Amino acid sequence: MKISLVLGSGGARGYAHVGVIEELEERGHEIVAVAGASMGALVGGAYAAGRLDALVEMARKLSRTDVFMMMRPTLGRPGLVKGEAIMSMFSRIIGDARIEDLPVSYAAVATDLMARREIWFHEGPLLAAIRASIAIPTVFTPVMMHGRLLVDGGLVNPLPMESSLRFDADLTVAVSLFGKNHGLNAQSATRETSDAGTDVATVVSPRSNPLSWIPERLGEALSRPRHLEMDDLFEPLPDDLDITDVMMISLDVMQARIQASRVAQNPPDVHIEVPTSTANVLDMWQAAPVIELGRRLAIKEFDRLGL
């Protein structure tokens with residue numbers, strides 16, 4: 001079958017896109033078009049340029065130290081990381097390819113901050129489209145192109161389905177990276193092992209009645225001979241929670257809600273959902289297990305549909 005492939009945003013979880021692509025090809029399907037946001041734009045761009053194997057080879061070699069070295073923060077910039085080291089690495093893989101010359105139809109989405117809307121890349125330098133689409137706000141510095149201030153496409157369109165409306169495709173396969181988590185600790189933020197074998201941070205799950213403790217705590221606090229303090233109203237934060245966790249989890253929540261509403265209006269024929277617990281957004285050294293998880297999820301869904 002001819003497949004129109006849509007790859008969603010979600011940072012390191014996007015390695016799962018590779019497993020899905022590999023499984024599609026192994027089953028003899030032809031990918032005639034690919035569109036992506038953020039990590040989906042990177043993986044999709046490498047595939048469209050015929051450089052996915054090179055990207056995967058590089059990703060499998062990355063260590064935690066390698067990633068930290070490339071993510072060294074900048075001072076006085078509109079983002080924690082300028083991104084030069086990362087893009088230099090991608091440049092060696094992708095080269096100077098232009099979108100309009102790619103053997104597979106390709107589109108990437110970015111967000112125009114000033115115009116408050118999405119921007120689509122259908123032509124021009126592939127590397128520029130990828131750099132704009134992966135610019136996670138506050139993490140990577142935004143880029144200026146043609147007078148537009150551009151950041152991560154996932155900010156407004158985490159799963160760009162609009163590009164999948166192609167007459168030459170038999171099916172649309174979408175891979176989103178905000179699937180529901182399973183088996184989470186209901187009482188606290190914990191670290192657990194995902195299906196991919198990846199050590200990942202999980203989100204606090206709500207209690208059955210998350211506000212039930214407040215009246216008792218307030219009563220205790222008000223009976224004390226001192227002023228009420230904010231610490232009397234809240235439980236301690238998890239010890240391992242830092243500002244990056246809060247920022248990335250917040251982006252995940254926002255993008256998941258946007259994606260849900262947009263997919264409801266334009267659903268794909270095949271929808272593979274990668275759980276958010278698979279990896280943190282910036283865990284770029286986790287390529288091998290996440291790729292394997294993507295393949296397993298694809299096999300399960302394709303077998304179910306007889307694809």
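I began with S176 and listed its neighbours, leaving out residues up to four places away in sequence: S176 touches L159, Q259, H271, I272, E273 and V274. I noted that this is a predicted model, and I read every entry below with that in mind.

Next I turned to helix α8, residues 243–265, and tested its length: at 1.5 Å a residue its 23 residues should span 33 Å, and because the end C-alpha atoms lie 34 Å apart, the two values agree. I listed D245, M248, L251, D252, Q255, Q259 and V263 as the buried residues of α8, and I found that these pack against β7 (171–179) and β10 (270–275).

I then looked up the nonpolar cores. The largest has 78 residues, and Y15, L52, L55, F90, Y106, F121 and F302 have the most contacts inside it. Helix α2, residues 39–48, gives the most to this core, with seven residues. Apart from it lies another core of five residues, including V6, L159, M161 and A174. For L55 I recorded contacts with L42, V43, A46, F90 and I93, again not counting residues up to four places away in sequence.

Last, I looked at helix α6, residues 126–133, which is mostly covered, with seven of its eight residues buried; these are L126, L127, A129, I130, R131, A132 and S133.

Conventions. Residues numbered from 1 in each chain as written. Predicted model: local features only at pLDDT ≥ 70, side-chain atom pairs only at ≥ 80, totals over all residues. Heavy atoms only, no water. Helix = DSSP H or I, 4+ residues; strand = E, 2+ residues; numbered from the N terminus. Expected span 1.5 Å × (residues − 1). Buried < 20%, exposed > 50% of the residue type's maximum accessible area, 1.4 Å probe, protein only. Contact = heavy atoms within 4.5 Å. Core = buried A, V, L, I, M, F, W, Y, C linked by side-chain atoms within 4.5 Å.
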